[in-house]
Amino acid sequence: MAVDRREAALPTAPPAVGVGAAVDDSSAGAPIAQASLWKDAWYRYIRNRAAVAAAIVFIIMVLYCLLIPGFWRIPGIWTSLKDYDPNAVDFSQAYAGFSLDHPFSTDKFGRDLFARTAVGGQISIAIGFVATFFILAIGVFYGSIAGFIGGRLDNAMMRFLDALYGLPYLPFAIITLAIIGTQNFLAMTIALTVASWFTSARIVRGQIITLKENDYVRAARAVGARWYRILVRHLLPNTLGVLIIAIFLELPVVVLGEAFLSFIGLGINPPTASWGSMAQDGRDAYRLHPEVLFIPSLAIALLVMCANFIADGMRDALDPRTRETS
Amino acid sequence: MTTFIIRRVVWTIPVILLVILMTFLMMRQIKGNPFRHTERNVPEAIQKNLERKFHLDRPWYVQYAYYVEGVFTFDLGPSMAQRTRTVNDVVRDGFPRSLKLGLLAYLWAIVFGVPAGILAALKPNSIFDYFAMLFSSIGFALPSFFVATLLIYYVAVKFGLVPTNGWPTGFFQLDSRVILPSFALGLFPMAYFARLVRGAMLETMQQDYVRTAKAKGLRYRRVIGLHVLRNSLIPAVTATAPLLGLIITGTFVIEFIFSIPGIGRYFINSVSNRDYSVVMGITVLTSVIIVIANLFVDIMYGVLDPRTREAR
């Protein structure tokens, strides 16, 4: 959700440039120096207990979403569980309550929520990652052009972003959906991408501009490296740290955005489930059966929280200078 | 300073024009002619007349010019779905309610979020700090529709403390019905402010001038109040503008859940009714508000932190 948080949380200075990349030039890309940077970051990350716990929960959630619909039965342990089709309607089982058969109860159509939460999660997480990928890809493209070329073009491109920043997130996404005309996976991804790619563009531009001033860039230029080589070999690899953090800052924004759209009835068409549309379904009878609303909502909250913690942990790991006193 | 403000204000005009242009071009991409949706077959002549009345027979840039003229003269045109109402009527009805909701949400955030951040920063790693940050992490993650429904379920339905929905009519009228929606909307900014202020405070407290102030023998209260607090609240002021976008997004959902007839609810209804002039009017209105809020914050930032005047 946090347009601002994404920017605020990112280091303004490049992560450990001096250590990692200053040595390269002849051995451009410098695998050895980079390996030590990433190894270093890895050690710092795994010392951060909250971030590690968040990463583990995150992986478990992803595995649950991926594995449950296919491998419902765990032999020897949960053999009583049947292989439920997440979209199978059975009115005799509506709101069946918690049981071994239905660990997460069932909804008003008698659809098993344990299986449905898993497939809904697949959609939510997939939209999250795919849209994040496009957001970052566009951001890198736009931001590196603006930052690298600079001057008037940069100015014009940034003014254009200023105007885009004026457009409110949700209406922008809704209008994009209306233009596309359908509400499927692709449409949702496009709408959420279109509505929120500018922050990443701004971040990348800021990074490129700071990195451009480094000595190794000047050195590369002095030995006659072409502009694309400087950009691709020297500048972009150094934005990688920031981009990895940005994945986990962007993911919650997209997942929540999808949930909001679904919740106000503009999400993926039923019967395809996403966590947002499941919460919307649960709204019908939340007074009697709150669990139908609570389970997908808690899943969203857990995922978002994990992503936030992971992003914080990664930021601290990749750039110790920005670490808050703790 | 005056030149900075003038330059910044003048710059806002092309940004607003560009925002309107973007919205305008996007709305044109949506398929469908507003006059061909009716069940009755509209005769060719009437169709032509209607198109002429709404300038639909002119090229797009002329239509854009008409629309811009409308925006600057506060006339957002007729509603396409509600025959007797104009977009202005819709805005006049809905906007004060949404504005009140948003302001109350900010109030929650400032009254609870900022002090929580300050107290947490004064005693880092204390129990209070721990709980404030835990609360802030949760506030970040919980989707506002979930918070809203949770509140309705427990506070309104189970214990019956406040009504489940509704909204007082007058702008300055407040009653128990505003508590839940504004809190649900304010939770995110609250968490955000708490974290932001805490981070800024901790950073400021490590500055040299704070050490100097302490070394001079200033009293703790004076160091915190005069040197730390003043400088740490600047980020909170700057954050108001980007937060506004989130608050607006939040109002859409909160108004939907609590059945508050604000612009967010009108917007959602208009999207499903294909009432595009209302959709466009509300989008343009919110965009202009965001642009103006950005302007205001930039100027405030320039006043509070003179170093930024030239850089921007």
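**Reading a two-chain model**

Colleague: Which residue takes a positive phi just after helix 3 of chain B?

Modeller: Helices are DSSP runs of H or I with at least four residues, numbered from the N terminus. Just after helix 3 of chain B, the residue B:F74 has a positive phi of about 55°. Residues are numbered from 1 along each chain as its sequence is written, and chains are lettered from A in the order in which they are written. This is a predicted model, in which local features need pLDDT of at least 70 and side-chain atom pairs count only at pLDDT 80 or more, while totals for chains, interfaces and linings use all residues.

Colleague: How far does helix 3 of chain B reach from its first C-alpha to its last?

Modeller: The expected span is 1.5 Å times one less than the number of residues. Helix 3 of chain B covers residues 60–72, and its 13 residues reach 18 Å, close to the 18 Å expected.

Colleague: Where in chain B is confidence lowest, and where highest?

Modeller: The predictor's confidence in each residue is its pLDDT, from 0 to 100. Helix 12 of chain B (residues 308–311) is lowest, at a mean of 57, and helix 7 of chain B is highest, at 86. Chain B as a whole has a mean pLDDT of 80, with 92% of its residues at 70 or more. The model's ipTM is 0.80 and its pTM is 0.80.

Colleague: How many residues of chain B are in contact with chain A?

Modeller: Contact requires C-beta atoms, placed from the backbone, within 7 Å. On that basis, 45 residues of chain B contact 38 residues of chain A. Helix 9 of chain B supplies the largest share of the chain B side, 10 residues.

Technical notes: Contact = placed C-beta atoms within 7 Å. Helix = DSSP H or I, 4+ residues; strand = E, 2+ residues; numbered from the N terminus.
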